[in-house]
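User: I would like to learn how to read charges and strands in a model. Can we take it feature by feature?

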Amino acid sequence: MRIDKMLANMGYGTRKEVKKLLKSGVVKVDDIIVKDPKTQVNPSEQTVTVWGEEVEYKQFIYFMMNKPPGVISATEDMEETVIDLLEEEDRVFAPFPVGRLDKDTEGLLLLTNDGQLAHQLLSPKKHVPKTYFAIIDGEVTKEDIETFRRGVVLDDGYETKPAKLVILSAGLRSEVEVTITEGKFHQVKRMFQAVGKRVVYLKRIQMGPLSLDPTLALGEYRELTEEEVEQLKQYVPLDTKKGNLS
Ligand code: URA
């Protein structure tokens, strides 16, 4: 890739600014000063430094966010989005949310610029389980557990795949954990609506192999560790037989 593109991708400024940086002689590739913005570099084999500091090139970036309520899971909107919560230096990677949480839903949201992995995680064929903690207005019962286990018919006639419902406490308000393997619009809320109950609080606590990091306050995020990225990739392997995405 061209050195100017690489440095611009890594947040060293616009292409124009990077050109100036190169001209000033502070960029080296394998210890040789490089001034031509068209110079081709292979970031995985060559060492690029700026002001003597190594540029650690990352093509893909993966974040886990504890999404706060009141923020939209989109890259652009009239209202505040999860992207607005990212530091400027992280936004240069152009990450996007992997799927959506409702505006009032909190919790685990992955953000990445790895379109292929995002596609795999969201593919209905992969059945990636998502677990939510919910507070329900109404008493959740054993019958509800059974109904969810069989699949719930939603308001539009769609019958959901079996879902796991665990009652943590039951009363006028109940606390539950529910695990679904699909991502229909407002799915958890509509599943409870189908059994005559209302979700008053919803938080995603798990997605596939990843649990929400308890040290992340609402609105905070962190990069996934290499191990976590590996776990995700192994969870949704590419369908190599077809040689493409499944
Ligand atoms: N189900 C919902 O109803 N809302 C969400 O945000 C996620 C799952």
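User: How many salt bridges does the rule give here?

Analyst: A salt bridge needs a side-chain nitrogen of Lys or Arg within 4 Å of a carboxyl oxygen of Asp or Glu. By this rule the count is 14 salt bridges. Keep in mind that this is a predicted model.

User: Which residue forms a salt bridge with Glu79?

Analyst: Lys103 does, with the closest N and O atoms 2.5 Å apart.

User: How do I class Glu79 by accessibility: buried, partly exposed or exposed?

Analyst: Buried means under 20% relative accessible area, exposed means over 50%, and partly exposed lies in between. Glu79 has 37%, so it is partly exposed. Lys103, at 39%, is partly exposed too.

User: What about Asp144 and Lys197: are they buried or exposed?

Analyst: Both Asp144 and Lys197 are buried. Their side chains meet in a salt bridge, 2.5 Å from N to O. Asp144 lies in helix 5 (residues 142-150), while Lys197 is in the loop between helix 6 (187-194) and strand 11 (198-207), so the pair ties together parts 53 residues apart in sequence.

User: Where does Glu228 find its salt-bridge partner?

Analyst: At Arg222, with the closest N and O atoms 2.9 Å apart. Glu228 is buried because its relative accessible area is 14%. Arg222, at 22%, counts as partly exposed. Salt bridges can also share partners: Arg2, Asp4 and Arg15 are joined into one network that way.

User: Why does Glu54 count as exposed?

Analyst: Its relative accessibility is 57%, so Glu54 counts as exposed. Glu54 is found in strand 4 (residues 53-54).

User: In what order do the strands of that sheet run?

Analyst: Read the order across the sheet. The 4 strands form an open sheet in the order 2-1-3-4, with antiparallel pairing. Strand 2 (32-33) and strand 4 are the edge strands, each pairing on one side only. Strand 1 (residues 27-29) and strand 3 (residues 48-50) pair over 3 bridges, in the antiparallel sense. Val29 stands opposite Val48 in strand 3.

Definitions and conventions:
Residues are numbered from 1 along each chain as its sequence is written. This is a predicted model: local features need pLDDT of at least 70, side-chain atom pairs count only at pLDDT 80 or more; totals for chains, interfaces and linings use all residues. Side-chain values use heavy atoms; hydrogens and water are left out. Helices (H or I, at least four residues) and strands (E, at least two) are DSSP runs, numbered from the N terminus. Buried means under 20% relative accessible area, exposed over 50%, partly exposed in between (1.4 Å probe, protein chains only). Two strands pair if DSSP finds at least two bridges between them.
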